[in-house]
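Student: I'd like to learn how to read a structure like this one, feature by feature. Can we go through it together?

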Amino acid sequence: MSRGHLELGLFAPTVGRMDPIGPPTMYLVSEVPQQVSITYEANRRLAHMLDRGGLEFFFMAQRGGRGFGASRFWSHALDSFTVAAAIADATERLRIVSTVHTAFYHPAMVARMGATLDQISGGRWGLNLVSGWAKPEFEMIDIPFLEHGERYRQTEEFTEVLRLFWNEDGFDYEGDYYTIRGGYAQPKPEGTPPLFNAGASDAAREFVARHCDWYFTGALSAEQLRDDAKDIRARAARHGRDIKVIVYLFGLIRDSEAQAQAEVEEIMARRDDDAARALIEGLSGQSLGTFAKGFGEGVAEAELLHNTIIGVGSGKLIGTHQQAADALEAYQGAGLDGAVFCFRNFEADTASFIENVVPILETRGIRRPRR
Ligand SMILES: Cc1cc2nc3c(=O)[nH]c(=O)nc-3n(C[C@H](O)[C@H](O)[C@H](O)COP(=O)(O)O)c2cc1C
């Protein structure tokens, strides 16, 4: 049976924490030693590694603000547009995704940035549209933090305007959030860049069904992914559309299970509960997001904290290379099209993933060999 091609890549370390704020980290809410550097240079090396290894995705989030908790988790964030331009020029095949907080930018400007990135990358750039959930990031720059449903309505208008700038000239648009008269932007991208969204709520899913090409989920298991994929595809089908599903995963993939479990204990021993609680409060307090949905109401606090500390609510591949391949096979069987990874030691773990896990996936027909 042909299964298609599971696309893989990195949730790149363009967001995290490092000197002078505190010990380096990205997706471990823990002060355990990690090989993470929120710098362009480190990201460029990783992008080269992915490009040479034939992987597909270099995904970048966007944050703004001072970080979470007393330790200021996620205090650092590189700009995902300018990094995209440089990475596009430095790579040949890799697909690069930037993230935009729709409330912080005007769609006319993003249309222009996107058309430029489309040119620099030769059609390898895409955009993740986020409505935002961290209230302090809005307050810092005095942008109104609208109620959840309204944030998604504004994102929807943003996306309509963005698409118009990319596809038409001389258009008028009259919405609740944007008014455009004789809208015009040249150059245009060769084709409309792929659009992503990572929301979990009903509002987010409806937005994805109508406007996006990829749905990003934080599914914790293949079973959860099956439900997510079925739901989003049914919603999209009602609009005559098809959607690809991508997941973000924290990988702790080692030669033995015992070694991986020993590292879990090391991570938990130096956990940063204060920052984890600040993240949970931000996510589940403001919106019915991934966390509320993923863990459900009434889930024990210890479990919620554990899932936050390791991978900030992501799915987790903890174990051997074979076990990681088994899990990816199960996810693919449940309807997955792509996955981006975070790691404890970004460079070493990315190299090991390409060397040890990807060949198993190719042998099993989960991915087409690209080399
Ligand atoms: C893979 C992934 C990437 C995300 N990237 C960002 C981001 O860069 N910036 C951001 O503010 N939120 C980001 N989010 C949060 C979502 O956009 C969304 O707001 C959150 O999951 C809550 O869901 P809801 O908005 O549907 O309530 C991300 C979520 C996931 C799962």
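Student: By about how many helical turns are Arg 44 and Glu 41 separated in helix α1?

Tutor: About one, because Arg 44 and Glu 41 are three residues apart in helix α1 (residues 40–53). Helices here are DSSP runs of H or I with at least four residues, strands are E runs of at least two, and both are numbered from the N terminus. One caution before we go on: this is a predicted model, where local features need pLDDT of at least 70 and side-chain atom pairs count only at pLDDT 80 or more, while totals for chains, interfaces and linings use all residues. Residues are numbered from 1 along each chain as its sequence is written, and side-chain values use heavy atoms, with hydrogens and water left out.

Student: What links the side chains of Arg 44 and Glu 41?

Tutor: Here's the general idea: side chains of opposite charge can pair when their charged atoms come close. The rule for a salt bridge is a side-chain nitrogen of Lys or Arg within 4 Å of a carboxyl oxygen of Asp or Glu. Arg 44 and Glu 41 meet in one, at 2.7 Å from N to O.

Student: And are those two buried or exposed, or something in between?

Tutor: Something in between. Buried means under 20% relative accessible area, exposed over 50%, and partly exposed lies in between (1.4 Å probe, protein chains only). Arg 44 has 25% relative accessibility, so it counts as partly exposed, and Glu 41 is partly exposed too, at 36%.

Student: How many salt bridges are there by this rule?

Tutor: The count comes to 24. Take Glu 56 and Arg 367, whose closest N and O atoms are 2.9 Å apart. Glu 56 lies in the loop between α1 and β3 (57–59) and Arg 367 in the segment after α13 (346–363), so this bridge ties together parts that are 311 residues apart in sequence. Glu 56 is buried at 3% relative accessibility, and Arg 367 is buried at 2%.

Student: Which residue forms a salt bridge with Glu 137?

Tutor: Arg 63 does, with 2.6 Å between the closest N and O atoms. That pair also links distant parts of the chain: Glu 137 is in helix α4 (residues 135–140) and Arg 63 in the loop between β3 and β4 (76–77), 74 residues apart. Glu 137 is buried at 6%, and Arg 63 is buried at 16%. Bridges can share partners as well: one network joins Glu 156, Asp 202, Arg 205, Glu 206, Arg 210, Asp 228, Asp 231 and Arg 235.

Student: Now the rings. How many aromatic pairs does the search find?

Tutor: A pair of aromatic rings is described by the distance of the centres and the angle of the planes. Rings of Phe, Tyr and Trp (its six-membered ring) pair if their centres lie within 6.5 Å; planes under 30 degrees apart count as stacked, over 60 as edge-to-face and the rest as tilted. The whole structure has 25 such pairs. Tyr 152 and Phe 207 have their centres 6.5 Å apart and their planes at 55 degrees, so that pair is tilted. Tyr 152 lies in helix α5 (residues 148–167) and Phe 207 in helix α6 (residues 202–211), so the pair ties together parts 55 residues apart in sequence. Both Tyr 152 and Phe 207 are buried.

Student: Which kind of pair do Phe 158 and Tyr 178 form?

Tutor: Edge-to-face, at 6.4 Å centre to centre and 70 degrees between the planes. Phe 158 and Tyr 178 are both buried.
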